[in-house]
Amino acid sequence: MKKLTLRHIMLTLALGFFANTATADSTSLLDQTHAAKGVKCASCHGKAETREPVTMMKCVKCHNTEKLAKQTKDFKPTNPHDNRHFGTETDCANCHKVHEKSENYCSGCHVRFDFVVP
């Protein structure tokens, strides 16, 4: 067995740190993203004891659908935020699952629409 040097150990620790950081970023849920930007739970769910479900109207208070459609206009094969079914008014919750992993709503019918959904 090869002798481990301090250099090998430091390199292994550094690679492990960067791999862990990259994995954490790609698996973060949107609630964590919102919290990191200072958005409190009550901002979306209300302050009632029983939290309200979040409607699209809550989402669009911060996320302008027209601007979002412009940001994704070059996505191929089509713009997921300006589509023939819903225009720019696709319900955010179809794809973006805030407390669980998001999903590509389009792929249910359009298998070639392989969007990565944050």
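Colleague: Which residue forms a salt bridge with K73, and how far apart are the closest N and O atoms?

Modeller: Side chains of opposite charge can pair when their charged atoms come close. The term salt bridge applies when a side-chain nitrogen of Lys or Arg is within 4 Å of a carboxyl oxygen of Asp or Glu. Here K73 pairs with D74, at 3.8 Å between the closest N and O atoms. Please note that this is a predicted model, in which local features need pLDDT of at least 70, side-chain atom pairs count only at pLDDT 80 or more, and totals for chains, interfaces and linings use all residues. Residues are numbered from 1 along each chain as its sequence is written, and side-chain values use heavy atoms, with hydrogens and water left out.

Colleague: How many salt bridges does the structure hold?

Modeller: There are two. In the other, K97 is joined to E103, with 3.9 Å between the closest N and O atoms.

Colleague: Are K73 and D74 buried or exposed?

Modeller: Buried means under 20% relative accessible area, exposed over 50%, and partly exposed in between (1.4 Å probe, protein chains only). K73 is exposed at 53%, and D74 is exposed at 57%. E103, at 40%, is partly exposed.

Colleague: Is T88 buried or exposed, and which residues does T88 touch?

Modeller: T88 has a relative accessibility of 14% and therefore counts as buried. Contact means heavy atoms within 4.5 Å. Leaving aside residues up to four places away in sequence, T88 touches T65, E66, A69, H81 and D82.
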